[in-house]
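Work through the exercises below with the sequence and the model in view. Each task is followed by its solution.

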Amino acid sequence: MHLVPTQEEVIALLKQTGALRHGHFEYPNGMHGNEYLQVALAMRYYQHAKILSVGLSRLLRANPEIRAIIPELSIVTPATGGLPVAYGVCEALRAHQVYWAEADGNDGRLRFRQYLEQVPGERVLLVDDILRSGKKLTELKQLVESKGAEVVGLAVIIHQPTPRTPDFSLPFYYLAKLEAVYYRDAAACDICHRGEPLEKVLV
Ligand SMILES: [Zn+2]
């Protein structure tokens, strides 16, 4: 394994842990696809989580602007899936702190726990296990900026863009890029036409 794992090494690790599955899947929104990815299945093994987050931290450290502010850098994640990445990156970089937002039970919007407040001018690195639609990371970015913090970058283990993934206009780091084949529904799905068995998945 390289110090920064290659795309091939990351994909091998995801397959070996069952995090990346090939087949015929139906997503909750009705789309069909040939691939299913659940990074948490890889992150349950501490050594794998460590390899991935240390690799990501090496990419971050190579940016001189981020390297210069590591002692004051906050690592912030929008979801539980990002927690092992956030702690791994914080440990490897020796950054200042880690915290996370959670979806509020009433309206589903992201919030921080009581007394967890950004200080004006705080430098924040956004971290998650995966960037897919970018919905939660967009909301998190707006939330920390509304409190006067400055977002200095975005780091994820896997970049799996969709046509709707926004451009964050931030320094962006990832270890591997995955592009699955999606079909809008069963009627449009080539895999359905081949008659392969279908598995329903929750995202
Ligand atoms: Zn299908």
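**Exercise 1.** Classify Arg-111 as buried, partly exposed or exposed, and find its salt-bridge partner.

Solution. Step one: the relative accessible area of Arg-111 is 37%. Step two: buried means under 20%, exposed over 50%, and partly exposed in between (1.4 Å probe, protein chains only), so Arg-111 is partly exposed. Step three: its side chain meets that of Asp-104 in a salt bridge, at 3.2 Å from N to O. A salt bridge here is a side-chain nitrogen of Lys or Arg within 4 Å of a carboxyl oxygen of Asp or Glu. Step four: Asp-104 has 22% relative accessibility, so Asp-104 is also partly exposed.

The model is predicted: local features need pLDDT of at least 70 and side-chain atom pairs pLDDT 80 or more, while totals for chains, interfaces and linings use all residues. Residues are numbered from 1 along each chain as its sequence is written, and side-chain values use heavy atoms, without hydrogens and water.

**Exercise 2.** Which parts of the chain does the salt bridge between Glu-102 and Arg-113 tie together?

Solution. Step one: the closest N and O atoms of Glu-102 and Arg-113 are 2.6 Å apart. Step two: Glu-102 lies in strand E5 (residues 102-103), and Arg-113 in the loop between strand E6 (110-111) and strand E7 (123-131), so the bridge joins parts 11 residues apart in sequence. Strands are DSSP runs (E, at least two residues), numbered from the N terminus. Step three: Glu-102 is partly exposed at 28%, whereas Arg-113 is exposed at 53%.

**Exercise 3.** How many salt bridges does the whole structure hold, and which residues are linked in a network?

Solution. Step one: the search finds nine salt bridges. Step two: the network links Glu-72, Arg-123 and Glu-150.

**Exercise 4.** Count the aromatic pairs, then describe the pair of Tyr-99 and Phe-112.

Solution. Step one: there are five aromatic pairs. Rings of Phe, Tyr and Trp (its six-membered ring) pair if their centres lie within 6.5 Å; planes under 30 degrees apart count as stacked, over 60 as edge-to-face and the rest as tilted. Step two: the ring centres of Tyr-99 and Phe-112 are 5.5 Å apart and the planes stand at 75°, so this pair is edge-to-face. Step three: Tyr-99 is in strand E4 (residues 97-100) and Phe-112 in the loop between E6 and E7, so the pair connects parts 13 residues apart in sequence. Step four: Tyr-99 is buried at 4%, and Phe-112 is buried at 14%.

Conventions:
Helices (H or I, at least four residues) and strands (E, at least two) are DSSP runs, numbered from the N terminus.
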